[in-house]
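Reader: I would like a close look at one side chain and its surroundings, followed by the parts of the fold beyond it. Please keep to what the model shows.

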Amino acid sequence: MDFVEERIRRSQSAIAAAREAGNEETKSSAGDKYETGRAMMQLEVEKNSEQLAQSNKLKQALVQVNPEKTSGQVDLGALVRTDKGIYYVAIPVGQLTHEGETYFVVSMASPIGKAMAGKKIQETFELNGKSFQILDIS
């Protein structure tokens, strides 16, 4: 959640900065320069607004993850230990390190999420020609 909240804060800050820069742009004798500067700021606002929307979607998806739920199989919210790494099935974040341990935070829609969906402890799955064995699910 901290990761997503930070993305939201960065996007909001970038939007505010771009709007402020666009509003501070003064009209000079070179009118084209003024218009180009304002257009660039508007593009920046649009880009960061899209990032903000994506971050809000991630936050909504993350709210639905119940880390207390254990079903014995790979599902949303599962922490999956395999012989090739540790995966947390939630939202597409990528690699994170926590207390010296490396985790790959993936979504169910990702290729690895799809490959291990519904699998149980000791079952295997394949991805990109590599075989993974599930050692533990919590």
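Author: Leaving aside its neighbours within four places in sequence, Asn48 is in contact with Ser11, Ala14 and Ile15; contact means heavy atoms within 4.5 Å. The model is predicted, with local features needing pLDDT of at least 70 and side-chain atom pairs pLDDT 80 or more, while totals for chains, interfaces and linings use all residues. Numbering starts from 1 along each chain as its sequence is written, and side-chain values use heavy atoms, without hydrogens or water.

Asn48 sits in helix α2, residues 31-63. Helices (H or I, at least four residues) and strands (E, at least two) are DSSP runs, numbered from the N terminus. With a relative accessible area of 5%, Asn48 is buried; that word means under 20%, against over 50% for exposed and partly exposed in between, using a 1.4 Å probe and protein chains only. The Asn48 side chain reaches the backbone oxygen of Glu44 at 2.9 Å.

A nonpolar core is a set of buried Ala, Val, Leu, Ile, Met, Phe, Trp, Tyr and Cys residues joined through side-chain atoms within 4.5 Å. The largest has 14 residues, and those with the most contacts inside it are Val74, Val80, Tyr87, Ile112, Met116 and Phe125. Two or more of its residues come from each of β2 (85-89), α3 (111-116), β5 (124-127) and β6 (130-137). Apart from this core lies another, of twelve residues, including Ile15, Ala18, Leu52 and Val65. In soluble globular proteins, nonpolar side chains tend to be buried together.

The strands come next. Six of them form an open sheet with mixed pairing, in the order β3-β4-β2-β1-β6-β5; two strands pair if DSSP finds at least two bridges between them. β3 (94-98) and β5 stand at the edges with a single partner strand each, so one side of each has no neighbour in the sheet.

Strand β1 (residues 79-82) pairs with β2 in the antiparallel sense over four bridges, and Thr82 has Gly85 in β2 as its bridge partner. β2 pairs with strand β4 (residues 101-106) in the parallel sense over three bridges, where Tyr87 stands opposite Phe104 in β4. β3 and β4 run antiparallel and are joined by five bridges, with Thr97 opposite Thr102 in β4. Their hairpin has two residues between the strands, and Glu99 takes a positive phi near 50° there.

Methods
Polar contact = N/O pair within 3.5 Å; in protein donor to acceptor, adjacent residues only side chain to side chain.
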